[in-house]
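Come along and check each entry against the view.

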Amino acid sequence: MAIATQNFPIWATGRRKNATARVRLLPGSGKFQINDHNLEEYFGGHNRSKWQVMRSFETAKVGNQYDIWVDVTGGGVNGQAGAISHGLARAFSKIENSLRLAMRKEGLLTRDSRMVERKKSGQPKARKRFQYSKR
């Protein structure tokens, strides 16, 4: 991997639902901070969220070559995990074209555009209707 030719730091933005993650990538020893917490502290018992964040690392196979700082805001636990994963994939894809192709193949570079549907007037929720009575 051509680390010396790349301009560092690498900045990337990931989004999912209402969550936005700003990712900064630098060559280093493998330090990984999310809002000044490590992965275990930030996601606690949410194993699926931790798995989703680590998918980018497993696909890139970079090990502990980079230090990563993430600022994530908005959304909930799942949205933030998706935003971090998206941002990491974008950052890794800026390093080398082969990493970009691997991230694309895994579907990590595609922005998941699904959002919460808005609530409509005259209804209790987005799709739910009040009970209809004929008589």
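**Entry 1: the ground rule.** I am working from a predicted model.

**Entry 2: the largest pocket.** I began with empty space, since rolling a probe the size of a water molecule over the atoms shows where such space is left. I looked up the volume of the largest pocket and noted about 270 Å³. Its lining has 17 residues, and I wrote down R16, Q52, R55, G82 and D112 as the closest to the centre.

**Entry 3: S56.** I moved on to S56, which sits in helix α2. Is S56 buried or exposed? I put it down as buried, because its relative accessibility is 0%, and the cut-off for buried is under 20%. Then I looked for its contacts, leaving aside neighbours within four places in sequence, and found S85, L88, A89, F92, M103 and L108.

**Entry 4: E41.** My last stop was E41, in helix α1 (residues 39–43). E41 counts as exposed because its relative accessible area is 53%, and exposed means over 50%. Its side chain makes a polar contact with the side chain of H37, at 3.3 Å. I also checked E41 against S121: the two are 80 residues apart in sequence, and their C-alpha atoms are 40 Å apart in space.

Methods
Residues numbered from 1 in each chain as written. Predicted model: local features only at pLDDT ≥ 70, side-chain atom pairs only at ≥ 80, totals over all residues. Heavy atoms only, no water. 1 Å grid on protein atoms, 1.4 Å probe; cavity = no way out; pocket = protein on both sides within 12 Å on 5 of 7 lines; lining within 4 Å. Points joined across faces, edges and corners; volume = space filled by probe spheres on them. Helix = DSSP H or I, 4+ residues; strand = E, 2+ residues; numbered from the N terminus. Buried < 20%, exposed > 50% of the residue type's maximum accessible area, 1.4 Å probe, protein only. Contact = heavy atoms within 4.5 Å. Polar contact = N/O pair within 3.5 Å; in protein donor to acceptor, adjacent residues only side chain to side chain.
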